[in-house]
Amino acid sequence: MKPAVFIGADHGGFEYKNQIREHLIHQGYQVEDVGAETLDPADDYPQFAYAVATKILGEEGSVFGILVCRGGQGMAMAANRVAGIRAAVAWSPEVAQKTREDNNANVLCLPGDMIDIDTSLDIVDTFIKEPFSNEERHVRRLGQIEDLFG
């Protein structure tokens, strides 16, 4: 069974979010769009980061979040404030692969102003399909993050 995906974006990532959502739906993923529902140049990213992060924590099984804004960093900072979230910004498929393999990231943040849509789709596909390595050193480090930061 394919993982569930929750996706959100502010005005800076609105168009990419819609294209990514359709791309994933056509691949057979269950995708829930948490907003923005309309393009609003005055909206702010924290509400969308929070919506995706809290949706993930309420789900059982394999689940991912995808957030898109202009630079990706704001979304990552906001999402990472929610305990249990491991959000990472990726600008290439290689970065997406490593953040899943080594860090078991559960939220992908995309910098819409820095990469084109085709690269974004490649990054999304890599992120969702790459398994966590479960290597002892990576499990240990993630445990330390939980112990230190909750």
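The exercises below walk through a predicted model, each with a worked solution.

Residues are numbered from 1 along each chain as its sequence is written. Because the model is predicted, local features need pLDDT of at least 70, side-chain atom pairs count only at pLDDT 80 or more, and totals for chains, interfaces and linings use all residues, while side-chain values use heavy atoms, with hydrogens and water left out.

**Exercise 1. Work out in which order the strands of the open sheet are arranged, and which strands form its edges.**

Start with the terms: strands (E, at least two residues) and helices (H or I, at least four) are DSSP runs, numbered from the N terminus, and two strands pair if DSSP finds at least two bridges between them. Five strands then give the order β2-β1-β3-β5-β4, with parallel pairing. The edges are β2 (30–33) and β4 (87–89), each of which pairs on one side only.

**Exercise 2. Find which strands helix α1 lies across, and at what angle it runs to β1.**

Contact here means heavy atoms within 4.5 Å, and angles, from 0 to 180 degrees, are taken between N-to-C directions of axes, which are lines fitted to C-alpha atoms, for helices over the stretch in contact. Helix α1 (residues 14–26) lies across β1 (4–9), β2, β3 and β5, and runs at about 165 degrees to β1.

**Exercise 3. Locate the cis peptide bond and the residues other than glycine that have a positive phi.**

Recall first that most residues other than glycine have a negative phi, and most peptide bonds are trans. The cis bond joins G35 and A36, with omega about 5 degrees, and A36 belongs to the loop between β2 and α2 (46–57). Turning to phi, N104 has a positive value of about 50 degrees and sits in the loop between α4 (93–103) and β5. N134, in the loop between α5 (117–129) and α6, has a positive phi of about 60 degrees.

**Exercise 4. Compare the span of helix α6 with the expected one, and say what follows the helix.**

The expected span is 1.5 Å times one less than the number of residues. Helix α6 (residues 136–149) has 14 residues and reaches 20 Å from its first C-alpha to its last, close to the expected 20 Å. The helix is followed by G150, whose phi is positive, near 75 degrees.
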